[in-house]
Amino acid sequence: NSHAHNDKDNMNNNEIEEQSYVPGEDSSTFDKHTAEHVVKLASNPGASAVVVNIDEQYERIMPPLGLNTVGLLTAGSKAMGMSPKQVMNVAEKLYSAGYISYPRTETTKYDPNGFDVRSILREHTSHPEWGRTAAYLLRTKYAKSGHPPTRGIDRGDHPPITCTKAATRDEVGGGAAWRVYEFVSRNFLGSLGDELRFIRRVAELKLSVGKSKSDTIKKLPTFQLEQVSVDYLGFAGACRWVLRDIGAAPRPDGNKGGSYDKISNVVFEVGMIMPIRDARCESCGTKPPRFLQEHELIELMDKNRIGTDASMATHVKNIVDRNYVVLCDETGTPLRPPRPPVPGQRPKPRQIGRYLVPTPLGVGLLDLFRKGDDRGIKMNFSDDHNSPALLSQPTIRAQMENEVAQIASSALDKNSVVMQNLAWFEARYNELEASLSRTRINEFSKSLIPTGTSLRYWKSIEAFESAPPQQLGKKNSQRQRVKSKKQSNKTRSSKYGYKKKGRLANRVPAKKTIKK
């Protein structure tokens, strides 16, 4: 495949420069004419790609650390499609039922003395989902000792989140409860395993338009084909999603019988000839960066020390409930609230992604903090320590969390810190109120357009992925045909004897007499 941008640069067919291409599986060029020429050559009968070089890289991934609250919230939003608040509610119910340990913790290191790994592994050896993995760990790595790994950080609070007893999908209750319990269990088993080792092979391909290898065109770009093979499974035996992340998971090719993509079984060799099945030219363009996802916000909050394990989920829920942001999928469609499936009704397509799209209210509120007054006096809020703009800065919340930690260690006095913060916030709010003129308030009110209008704007500049075409199932297509048939009959009856008047349809005597 050759990706091209619409550029009106002319180039002779015989003067194709290799410098105009970017090496890779999807080689790109800014010259449309050159890209079309490459596709034309690759579409000739007998055209093929010859392997001219193979690069092998041995890589490894360390097993995950003990699970803390941030890791659980991130996985819930990223992989389970659940809000952080919903994940915490489910985790607390699982804790109350005795299935997992306490879910609010910042520690990722197991207690080397008081935590017995072998007792939990014995509990899970008969589990139908991951019992073989637990039995393998108990038989090999923890056959003689039950001491857990020493990696991670001890924050001095509760131990990492682990599964306490084995339970099946039906025992847990299925649905969201099972998804959270399964992740906690698999992450725990993965943290006890060994590293994942794999080989990444990159084959460099040259275009050949003849029957022999000597016909390879040297001036044409090189393409790359990547293959990942697992050398040692390690912790990925429990955390199967890691194989998909590195590109080593088998991919269905669409055929029946459970067959997989044949590229994972090909052994690359220099001189191997691969016939070209398809060649096309695609035009691409730059797009705005994607909006921040919910799990990315959780990670940034943890990095900047905004909130604690007990308050992060509430902070994210507050900005959604107050309509500062709207949760959308990758196509820019607001997320539907979770509802149980209706019997006999076809479920709606699954929404992918949890993107936090700022609303006009959220953006306008930040503008009130940053802009100067209507007299043209621009306040440099970034340099002024005492300014209303600091109310919207994440460093303020991080500073408060740091002061709370110092109070806990007896480095600061609680009463003096509380009085100092109350006085500081009151002064900032007074300054903000004094800077709000009638002109600024009118500008703010005019910026409050409907959220749907704002989302349509972002879609117009391709800030989201394009929605896939909707495919009607057999039942839906039959309903569509019945509906069209009813509409045609209604139109015909209106033409020969009915007239619409408002919401009612009054009968009009027909011209022709109908004989019984």
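In this predicted model, Phe 183 counts as buried, at 14% relative accessibility; here buried denotes under 20% relative accessible area, exposed over 50%, and partly exposed the range in between (1.4 Å probe, protein chains only). Residues are numbered from 1 along each chain as its sequence is written, and side-chain values use heavy atoms, with hydrogens and water left out. As the model is predicted, local features need pLDDT of at least 70 and side-chain atom pairs count only at pLDDT 80 or more, whereas totals for chains, interfaces and linings use all residues.

The ring of Phe 183 pairs with that of Trp 241; the ring centres are 5.6 Å apart and the planes stand at 35 degrees, so the pair is tilted. Rings of Phe, Tyr and Trp (its six-membered ring) are taken to pair if their centres lie within 6.5 Å, with planes under 30 degrees apart counted as stacked, over 60 as edge-to-face and the rest as tilted. Because Phe 183 lies in helix α7 and Trp 241 in helix α8 (residues 241–246), the pair ties together parts that are 58 residues apart in sequence. Helices (H or I, at least four residues) and strands (E, at least two) are DSSP runs, numbered from the N terminus. Trp 241 is partly exposed, with a relative accessible area of 26%.

The structure holds 13 aromatic pairs. One of them joins Phe 115 and Phe 188, whose ring centres are 6.2 Å apart and whose planes lie at 90 degrees, so this pair is edge-to-face. The two residues belong to distant parts of the chain, 73 residues apart: Phe 115 is in the loop between α3 (84–96) and α4 (117–124), and Phe 188 is in helix α7 (residues 175–192).

Two packed helices are described by the angle between their axes and the distance between the axes. The axes of α7 and helix α2 (residues 69–78) come within 11 Å and cross at roughly 130 degrees. Axes are lines fitted to C-alpha atoms, for helices over the stretch in contact, and angles run from 0 to 180 degrees between N-to-C directions. The two helices are therefore oblique to each other; angles under 35 degrees count as roughly parallel, over 145 as roughly antiparallel, 65 to 115 as roughly perpendicular and the rest as oblique. The crossing of α2 and α7 is right-handed; a crossing is so named if the near helix is turned clockwise from the far one by less than a right angle, and left-handed if anticlockwise. Gly 71, Leu 72 and Ala 75 of α2 meet Val 180, Phe 183 and Val 184 of α7, contact being defined as heavy atoms within 4.5 Å. These residues divide into five nonpolar, one polar and no charged, where Ala, Val, Leu, Ile, Met, Phe, Trp, Tyr, Cys and Pro count as nonpolar, Asp, Glu, Lys and Arg as charged, and the others, Gly among them, as polar.

Helices α12 (residues 394–408) and α13 (residues 414–435) have axes that come within 10 Å and cross at roughly 165 degrees. The pair α12 and α13 is therefore roughly antiparallel, and its crossing is left-handed. On the α12 side the contact involves Ile 396, Met 400, Glu 403 and Ile 407, and on the α13 side Lys 414, Val 417, Asn 421, Trp 424 and Phe 425. By class, this contact has six nonpolar, one polar and two charged residues.

Ser 447, in the loop between α14 (438–446) and α15 (451–460), is in contact with Pro 360 and Gly 364, its neighbours within four places in sequence being left aside. Ser 447 and Leu 361 are 86 residues apart in sequence and 7.8 Å apart in space, C-alpha to C-alpha. Ser 447 is partly exposed, with a relative accessible area of 30%.

Backbone geometry was also examined. Most residues other than glycine have a negative phi. Asn 323 has a positive phi, near 65 degrees, and is placed in the loop between α10 (312–321) and β8 (325–328). Glu 462 likewise has a positive phi, of about 60 degrees, and is placed in the loop between α15 and α16 (474–495). Asn 323 counts as partly exposed at 35% relative accessibility, as does Glu 462 at 45%.
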